[in-house]
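Here are some exercises to work through with the structure open beside you. Try each task before you read its solution.

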Amino acid sequence: MANEKGGTGKSTTAVHIGVALALAGHRTALIDLDHRQRTSTRYLENRWLHAQRHGLTLPAPDVAVVADGEQGEEELALRLSQASSLDFIVIDSPGRDSVLARAALAQADTLVTPINDSFVDFDLIGDVDGETFAVKKPSFYAELVWEARTRRAREQGRPMDWVVLRNRLSALDARNKQRMSVALDSLAKRIGFRVLPGLSERVIYREFFPRGLTLLDRAALIEFSLSHVAARNELRALITGLNLPGGVELAA
Ligand SMILES: Nc1ncnc2c1ncn2[C@@H]1O[C@H](COP(=O)(O)OP(=O)(O)O)[C@@H](O)[C@H]1O
Ligand SMILES: [Mg+2]
């Protein structure tokens, strides 16, 4: 999960994907590179406490915080070199440029970039004309990804699947949504990413945090009622849409 902007839902998405993979029985680790906020770590700590308190079994990825600095770089490299004992590693990057975020980017099979449906967020990947909303050129983050992908293809002979998630979509904003669709589709063709709908804007995603629950947990359904079936379906569609290497079988 990466882009250089805070508040786009990287950590929320990282935890939901990590837990979904663990629930599906995959050996999964989550590496939290945002060593100051530690949102995904805190989320999973809350999950563990909630499970203890209520005698629940709540599968979760193993989580480790890796901090900036030389030691951190070594630790990240070590953890990634041990990847063969795992099925998936989910990496949650901070909303800023960092050496570790770039190192993680270089290794990613799938890069997930959540953006809010806002031209302020879009500006990281593309520069849009103020009159026509046409994309004039890719911006700095798209260029960074482009370089990482090119180097990866050259050095490792492996492609990187780049998925831009339209996160926190609301039912309102029809005009802005339409303009974002046009801009995203045009940039997607130009620089080669896929666009997927992410998690729509729902209070439930904020309420879950203190208990560390996700939409795929049965415990969450009991507590938060069945009205969230639509939200569960959107999460399942997201994970299926990511088309992760090796495939993921989500339980019913
Ligand atoms: N789909 C969503 N619906 C509602 N609130 C969300 C959603 N996704 C994230 N949030 C909220 O938005 C804020 C930023 O999310 P977070 O996952 O921490 O983003 P990032 O890691 O990119 O900074 C948090 O308050 C989080 O609870
Ligand atoms: Mg975060």
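Two strands pair if DSSP finds at least two bridges between them. Strands (E, at least two residues) and helices (H or I, at least four) are DSSP runs, numbered from the N terminus. This is a predicted model, where local features need pLDDT of at least 70, side-chain atom pairs count only at pLDDT 80 or more, and totals for chains, interfaces and linings use all residues. Residues are numbered from 1 along each chain as its sequence is written, while chains are lettered from A and ligands numbered from 1 in the order in which they are written.

**Exercise 1.** Find the bridge partner of Arg166 in β8.

*Solution.* Start with the strands: β7 and β8 run parallel, joined by 4 bridges. Now look in β8, and you'll find that Arg166 has Pro197 as its partner. Zoom out, and the open sheet has 3 strands in the order β4-β7-β8, with parallel pairing. β4 and β8 (194–197) are the edge strands with a single partner each, so one side of each lacks a neighbour in the sheet.

**Exercise 2.** Check the span of helix α6 (residues 140–156), then work out how its buried residues are arranged.

*Solution.* Next, pick out Ala142, Val145, Ala148 and Arg149, which are buried (20 or more other C-beta atoms within 10 Å of the residue's own, placed from the backbone; exposed means 12 or fewer, partly exposed in between). Down the axis, the buried residues of α6 fall within an arc of 125 degrees (taken from the directions from the axis to the C-beta atoms), so they line one face. Finally, turn to the face away from that buried side: there sit the exposed Thr150, Arg151, Arg154 and Glu155.

Methods
Expected span 1.5 Å × (residues − 1).
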